[in-house]
Amino acid sequence: MKIIILGAGQVGGTLAENLVGEKNEITVIDSDPNRLRSLQDRLDLQVVVGVGSHPDILKKAGAEDADMLIAVTNSDESNMLACQVAYSLFKTPTKIARVRSEQYIIYQEQLYKQQDIPVDHIIAPEQLVTKAIKRLIDYPGALQVVEFAEGKASLVAVKAYYGGLLVGHALSALKEHMPNVETRVAAIYRRGRPIRPLGTTVIEADDEVFFIAATKHIRAVMSELQKLESSYKRIMIAGGGLIGAGLAKRLEHNHNVKLIEFDRERAQYLSAHLDKTIVFCGDASDPELLTEESIEDVDAFIAVTNDDEANIMSAMLAKRMGAQKAMVLIQRSAYVDLVQGGEIDIAFSPQQATISALLTHIRRGDIVNVYSLRRGAAEAIEAIAHGDENTSRVVGREIGDIKLPPGTTIGAVVRDDQVIIAHSDTKIEANDHVILFLVDKKYINDVEKIFQPSAFFFG
């Protein structure tokens with residue numbers, strides 16, 4: 001595909017990196033020549049210096065025959081205007097804009113229509129991060145939780161701990177331990193390297209295990225790999241921005257939520273607009289404030305200010321002072337691997353959530369969901385099997401007979417309301433939602449092709 005990306009910041013740069021390796025023709029527009037130079041030094045792509053919403057700049061970037069425009073600058077208004085110009089002047093087929101302001105998101109149904117503001121898909125990073133954190137609160141002990149087929153199936157990453165029932169045993173023992181629960185281990189990472197899960201594979205402590213199951217069985221499977229943690233009740237949030245406020249709103253009716261906000265005016269606003277959350281004006285890295293608010297009784301301390309260093313320091317302090325779990329929001333994805341796994345239990349990057357959402361709209365071949373896993377190294381995909389035995393490479397075939405790329409596994413099939421855990425003799429039917437795990441995302445094009453029905457394919 002020919003894709004124009006507006007904005008060479010962290011999201012634009014990471015997205016370009018993801019797409020260049022997949023035989024796409026990429027052009028990046030930014031007003032900062034240094035950012036563009038650094039991208040061009042590393043990647044095989046075109047760059048244009050200028051304002052991305054200006055018609056002459058878009059024309060120079062090849063908008064006349066581009067398949068897609070992705071506007072991810074820091075300005076909502078620039079992103080929306082660029083989509084408008086691309087549609088009005090160049091009839092660009094697909095236009096995606098990153099939109100952060102709550103005001104533009106609330107009215108998205110009325111605003112984003114071709115005759116009004118022609119944006120085909122909006123990506124709201126703060127909403128995506130809020131959802132991801134909420135899922136981690138719902139499943140204590142999980143490192144990552146992603147949902148497929150409208151929440152019917154989930155892929156969960158957990159760390160195996162000493163004391164977990166399955167630790168020290170082969171994967172085949174899962175069936176004996178849980179005869180009534182179907183699950184499939186999609187991948188295991190041991191000391192950072194992927195190993196192929198077989199029935200004979202023995203789970204070791206500290207393995208990062210990705211498994212897929214019907215969402216209702218997730219907690220049962222987690223209990224096999226680690227001592228099941230009790231539900232989080234007391235939550236402390238540091239930072240009252242869009243993510244902090246959104247999270248408090250989602251959690252306050254079922255949890256005891258305290259929120260610390262440094263800015264007095266913002267703290268007063270949140271206090272008036274949140275129902276049950278107790279809001280404090282103060283510094284989340286102040287030991288006295290944490291002691292006064294009984295940090296030792298907190299189940300999860302979640303730092304989501306817009307300052308990485310402040311988030312890391314306040315979360316480390318909270319953990320040392322007795323908080324059960326410490327989670328942090330980190331803008332610089334390079335920091336994520338550095339801090340996760342020590343005193344900080346989970347670090348999440350809004351960039352990765354944004355990239356996953358963008359990839360969902362970019363992927364072809366009836367791919368409806370894409371999740372970036374392990375900081376972008378792996379991907380989980382939900383694809384719909386269309387066509388029939390004459391036009392499709394998957395419909396009417398048993399999984400064992402489908403030629404999948406290296407390191408790719410089919411974990412589950414969702415058929416109507418039924419979650420079927422994949423076995424080699426499971427037959428794919430038309431309209432099945434197929435959930436795949438790719439250890440190496442460079443094979444994504446091959447997976448897309450497998451799920452594209454073709455009039456010229458005759459088995």
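A pocket, as the word is used here, is an open set of grid points, on a 1 Å grid over the protein atoms alone, with protein on both sides within 12 Å along at least five of seven lines. Its volume is the space filled by probe spheres set on the points. In this predicted model, the second largest pocket holds about 810 Å³ of space.

The lining of the second largest pocket consists of 31 residues. Nearest the centre of this pocket lie Arg184, Val185, Pro197, Leu198 and Ala422. By class, the lining comprises 18 nonpolar, nine polar and four charged residues. Strand β9 contributes the most, with five residues. At least two lining residues each come from α8 (173–177), β9, β10 and β20 (408–415).

Two of these elements, β9 and β10, also belong to an open sheet of five strands. The strand order in the sheet is β7-β8-β11-β9-β10, and the pairing is antiparallel. Its edges are formed by β7 (142–148) and β10 (193–195), each of which pairs on one side only. On average, neighbouring strands of this sheet are turned by 20 degrees against each other, direction ignored.

Within the sheet, β9 (residues 183–190) and β11 (residues 208–214) run antiparallel and are joined by six bridges.

A separate set of strand pairings involves β1, at residues 2–6. Strand β1 pairs in the parallel sense with β2 (residues 25–30) over five bridges. In that pairing, lysine 2 stands opposite glutamate 25 of β2. The parallel sense also holds for the pairing of β1 with β4 (residues 68–71), which has four bridges. Here isoleucine 4 has leucine 69 of β4 as its bridge partner.

How do the residues of β1 point, and are they buried or exposed? Lys2, Ile4 and Leu6 point one way from the strand, while Ile3 and Ile5 point the other way. Residues on both sides are buried, the term meaning under 20% relative accessible area. Because five of the five residues of β1 are buried, the strand is largely enclosed by the rest of the structure.

Key
Residues numbered from 1 in each chain as written. Predicted model: local features only at pLDDT ≥ 70, side-chain atom pairs only at ≥ 80, totals over all residues. Heavy atoms only, no water. Pairing = 2+ DSSP bridges. Axes fitted to C-alpha atoms, helices over the stretch in contact; angles between N-to-C directions. 1 Å grid on protein atoms, 1.4 Å probe; cavity = no way out; pocket = protein on both sides within 12 Å on 5 of 7 lines; lining within 4 Å. Nonpolar A, V, L, I, M, F, W, Y, C, P; charged D, E, K, R; others polar. Buried < 20%, exposed > 50% of the residue type's maximum accessible area, 1.4 Å probe, protein only.
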